[in-house]
Amino acid sequence: MFDRSGRIVSTAQSEHEQIYPKPGWVEHDPEEIWRRTVGVIQEAMEARGLLPEDLAAIGITNQRETTVVWHRKSGKPVYNAIVWQDTRVAAAVGEFAAHGGQDRYRVQTGLPLATYFSGLKIRWILESVAGARAQAEAGDLLFGNIDTFLIWHLTGGADGGVHVTDVTNASRTQLMNLRTLQWDRDILKDFGIPIQMLPKIASSSEVYGTAKLPAVAGVPIAGDLGDQQAALVGQACFKPGEAKNTYGTGCFMLMNTGGREVFSNFGLLTTLAYKFGTRPACYALEGSIAITGALVQWLRDNLGLIEKSSDIEALARTVNDNGGVYFVPAFSGLYAPYWKDDARGVIAGLTRFVNKGHIARAVLEATAFQVREVVDAMASSSSSSGSSSNDSGITLDVLRADGGMVVNDLLMQFQSDILAKPVVRPMVKETTALGAAYAAGLAVGFFQDTDELVANWAVDQRWEPKMDEVTRERLYRFWKKAVTRAFDWVEPA
């Protein structure tokens, strides 16, 4: 819950299960996500004794690309949600790329063919779940990313629930045309996806319906943004060239490119930044990194080197440097700027000298190195797309950082060092939730305009680069060498 100044009034959080049925497969239970959502809404309301009439509007932000198909009449999913990290559609990616290349849909969608996006996940469900295709063609099944699934349930579910998504989430399906902001019928035909199962595409900031859940009954649901775009809005990056990086399970850097799409020759995605009501859409360049915070979780859960994620900083501080170790976390391939599904994780530079402190430090540095690669790609994309600030991202002067990992001072200082740029953390660290609140508030007039949101933004901490250039470039050179060792690991079946 946020107030008019963008400060947190009440908060509640709850983890849900990560399901790994096979190597490379990652699933969630959509019904568990719905139960958790209901639970945290009630908890946050009760913590401050709030009533529905105390709320102006509700905004939704969600993990993008994570794909749910469910029955229109019962609300029951036909299969678990297939998560953005899941690689089961790799063979289909290869099939489609064999005819027209990995970029055959990039002009329409801004995206390369990859296991990342929703479209081929929908196709997999329709082909793999008995009876699903016939039910979808009969209009009995609905598709949505998690935003659509939650809005449908919040507005009544099987009893009149609204089936809607916004342009930012739709742009991550690989099924929406970037210019028309509508579903692309040619791609739907190629993928064999019936259009009747898809939600209506709306703006990111408008009233979609009203909540039926007792704790928030009657409150308008008025904001919907994919999590990375929500963080861009929460960080008040409303001018071309302004960029934010969210350090979460993965890392996602978005740079506002204004009112037109900019295409990258350097492995970045062209995506929607936001669309507020009837105003023109705003676009962004995005660098997507699959594994960052998830690598810390892996160190905790799979190796047991730390008890909780926050312990990694103390362990990494037991050594002065990485001891020559580099960890390339290509657990589900490499995303930007490489887009290599056949890469796999590598730890390089091991010697008898190396201990668990060096491994912990290499885990943290892997995040910063991957972000440096995206920043370099963004600078190249920006300069190659033109000289005016409208169509180029212009040089990144300061990196606005948010997400769960920004509380790690060691990581943030190393990030500044390896970029040779200042990194700033905002006062409100939950910028993803804040962005959704801003979109909802703008729709109902709770916030007047984006200038009011810019005025809310304030710096909590700033890190300046301290590393000399020779050291910086030597470390980065070895990182790039380690990355090449991860390439082409998976052989074609």
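Residues are numbered from 1 along each chain as its sequence is written, and side-chain values use heavy atoms, with hydrogens and water left out. Because the model is predicted, local features need pLDDT of at least 70 and side-chain atom pairs count only at pLDDT 80 or more, while totals for chains, interfaces and linings use all residues.

The predictor's confidence in each residue is given as pLDDT, from 0 to 100. For the protein chain the mean pLDDT is 93, and 97% of its residues reach 70 or more. Residues 385-393 have pLDDT below 50, and this stretch has 15 contacts (heavy atoms within 4.5 Å) beyond near neighbours in sequence.

A nonpolar core is a set of buried Ala, Val, Leu, Ile, Met, Phe, Trp, Tyr and Cys residues joined through side-chain atoms within 4.5 Å; buried means under 20% relative accessible area (1.4 Å probe, protein chains only). The largest such core has 74 residues, and Tyr116 and Tyr247 have the most contacts inside it. Helix 12, residues 356-384, gives the most to this core, with 13 residues; a helix is a DSSP run (H or I, at least four residues), numbered from the N terminus. A second, separate core of 37 residues includes Val93, Phe96, Met176 and Ile193.

What about the cysteines? A search of the whole structure finds 0 disulfides, a disulfide being a pair of cysteine sulfur atoms within 2.5 Å. Cys251 is in no disulfide, and the nearest cysteine sulfur, that of Cys237, is 15 Å away. Cys251 counts as buried because its relative accessibility is 0%.

Note on methods
Buried means under 20% relative accessible area, exposed over 50%, partly exposed in between (1.4 Å probe, protein chains only). Helices (H or I, at least four residues) and strands (E, at least two) are DSSP runs, numbered from the N terminus.
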